[in-house]
Amino acid sequence: MLLPFAMAQALDFLYAIPLIAATSFVYAGSRHEQMRVIIPAGIRISLWITGFLAAVFVLMTVIF
């Protein structure tokens, strides 16, 4: 019975994808001027943000 609610909460993590992408590409765009540099830098920054969020998630799961 709780499975639909658990799935709804799991799908809430999908809202992080556009936020991470927007943040990383805006940050990369503010650091570089050329598009060929912005795209790889944005991808690299988004991987850093995703890794940091995953580490915090694991830490919070272990603590609580």
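Q: How many residues does helix α2 have, and how far does it reach?
A: Helix α2 (residues 16–31) has 16 residues, and it reaches 22 Å from its first C-alpha to its last. That is close to the 22 Å expected at 1.5 Å a residue. The expected span of a helix is 1.5 Å times one less than its number of residues. Helices (H or I, at least four residues) and strands (E, at least two) are DSSP runs, numbered from the N terminus.

Q: Before we go on, what kind of model is this, and how are things counted?
A: This is a predicted model, in which local features need pLDDT of at least 70 and side-chain atom pairs count only at pLDDT 80 or more, while totals for chains, interfaces and linings use all residues. Residues are numbered from 1 along each chain as its sequence is written, and side-chain values use heavy atoms, with hydrogens and water left out.

Q: Which residues of α2 are buried?
A: In α2, the residues Ile20, Ser24 and Ala28 are buried. Buried means under 20% relative accessible area, exposed means over 50%, and partly exposed lies in between (1.4 Å probe, protein chains only).

Q: Where do they sit around the axis of α2?
A: They are on the same side of α2, because they cover an arc of only 50° around the axis. The arc is that of the directions from the helix axis to the C-beta atoms.

Q: And which residues are on the face turned away from that side?
A: That face of α2 carries the exposed residues Pro18, Leu19, Val26 and Ser30.

Q: What do the buried residues of α2 pack against?
A: They pack against α3 (35–63). Contact here means heavy atoms within 4.5 Å.

Q: How long is α3, then?
A: Helix α3 has 29 residues, and 42 Å separate its first C-alpha from its last. This is close to the 42 Å expected at 1.5 Å a residue.

Q: Which residues of α3 are buried?
A: The buried residues of α3 are Ile38, Ala41, Gly42, Ile45 and Ser46. They pack against α2.

Q: At what angle do α2 and α3 pack?
A: The angle between α2 and α3 is about 135°, and their axes are 8 Å apart. Axes are lines fitted to C-alpha atoms, for helices over the stretch in contact, and angles run from 0 to 180 degrees between N-to-C directions.

Q: What does one call that arrangement of α2 and α3?
A: The two helices α2 and α3 are therefore oblique to each other. Angles under 35 degrees count as roughly parallel, over 145 as roughly antiparallel, 65 to 115 as roughly perpendicular and the rest as oblique.

Q: Is the crossing of α2 and α3 left-handed or right-handed?
A: The crossing of α2 and α3 is right-handed. A crossing is left-handed if the near helix is turned anticlockwise from the far one by less than a right angle, and right-handed if clockwise.

Q: Let us turn to single residues. Where is serine 24, and is it buried or exposed?
A: Serine 24 lies in helix α2. Its relative accessible area is 0%, so serine 24 is buried.

Q: What is serine 24 in contact with?
A: Leaving aside its neighbours within four places in sequence, serine 24 is in contact with Gly42, Ile45, Ser46 and Ile49.

Q: And isoleucine 20?
A: Isoleucine 20 is also a residue of helix α2. It counts as buried because its relative accessibility is 13%. Leaving aside neighbours within four places in sequence, isoleucine 20 is in contact with Ser46, Ile49, Thr50 and Leu53. The C-alpha atoms of isoleucine 20 and threonine 50 are separated by 7.5 Å, although these residues are 30 residues apart along the chain.

Q: What about serine 46 on the other helix?
A: Serine 46 has its place in helix α3. With a relative accessible area of 15%, serine 46 is buried.

Q: Is isoleucine 49 buried or partly exposed?
A: Isoleucine 49, in helix α3, counts as partly exposed because its relative accessibility is 25%. Isoleucine 49 touches Ile20, Thr23 and Ser24, not counting residues up to four places away in sequence.

Q: Finally, how many helices and strands does the chain have?
A: The chain has 3 helices and 0 strands. Of its 64 residues, 12% count as buried.
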